[in-house]
Amino acid sequence: MMKKDRYLLFLICLLLIITGAVVGKAIRPAVELILEPDHFDMLVSLDGEEDDYYQELTLRCNGKTVAGQKARWHSDDPAVAVVDRYGWVTSKGVGRTVITAVYKGAAVQCTVEVRRKITSDTVKD
């Protein structure tokens with residue numbers, strides 16, 4: 001192989017490597033997830049009342065709102081609060097838990113603090 005042919009082969013290989021790196025970066029864009037709110041307080045009724053307390057979480061990916069059902073949702077402690085497939089959190093008991101949303105391989109978390117609802121029956125003179 002002549003020196004000129006080796007040089008040409010080297011340039012072609014280099015071009016393929018650079019093109020592959022650029023294409024590879026274009027295929028895997030960075031994912032920035034934001035969960036709003038990132039923490040909040042809720043109430044729970046412990047005296048048999050039928051009051052349910054809800055909070056909707058908004059998931060944003062790279063600045064755009066994501067429909068809740070496209071993410072996977074999880075509560076670390078379902079005895080404190082549960083989250084449905086749309087991102088709605090429901091209080092279940094007093095305590096603190098973490099809600100996690102996973103979308104496109106990235107995860108984001110929200111801390112939930114649930115306190116007991118004070119009613120006239122719970123306050124003793």
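Visitor: Let us start with Asp41. Is Asp41 buried, exposed or partly exposed?
Guide: Asp41 counts as partly exposed, because its relative accessibility is 47%. Buried means under 20% relative accessible area and exposed over 50%, with partly exposed in between (1.4 Å probe, protein chains only). Please note that this is a predicted model, in which local features need pLDDT of at least 70 and side-chain atom pairs count only at pLDDT 80 or more, while totals for chains, interfaces and linings use all residues. Residues are numbered from 1 along each chain as its sequence is written, and side-chain values use heavy atoms, with hydrogens and water left out.

Visitor: Which side chain does Asp41 meet in a salt bridge?
Guide: The partner of Asp41 is Arg115, at 3.3 Å from N to O. A salt bridge here is a side-chain nitrogen of Lys or Arg within 4 Å of a carboxyl oxygen of Asp or Glu.

Visitor: Where do the two residues lie?
Guide: Arg115 lies in strand β10 (residues 106-116) and Asp41 in strand β2 (residues 39-44), so the pair ties together parts that are 74 residues apart in sequence. Strands (E, at least two residues) and helices (H or I, at least four) are DSSP runs, numbered from the N terminus. Arg115 is partly exposed, with a relative accessible area of 43%.

Visitor: How many salt bridges does the structure hold?
Guide: There are three. One of them joins Glu113 and Arg96, whose closest N and O atoms are 2.7 Å apart. This pair links distant parts of the chain, with Glu113 in strand β10 and Arg96 in strand β9 (residues 95-103), 17 residues apart. Arg96 is exposed, at a relative accessible area of 58%.

Visitor: And which residue does Arg60 pair with?
Guide: Arg60 meets Glu36 in a salt bridge of 2.9 Å, N to O. Arg60 is in strand β4 (residues 58-61) and Glu36 in strand β1 (residues 33-36), 24 residues apart. Arg60 is partly exposed at 25% relative accessibility, and Glu36 is partly exposed at 34%.

Visitor: Changing topic: where is confidence lowest and where is it highest?
Guide: Helix α1 (residues 3-27) has the lowest confidence, with a mean of 68, and strand β6 (residues 72-75) the highest, at 93. The protein averages a pLDDT of 79; pLDDT is the predictor's confidence in each residue, from 0 to 100.

Visitor: Finally, how many helices and strands does the protein have?
Guide: The protein has one helix and 10 strands. Of its 125 residues, 30% count as buried.
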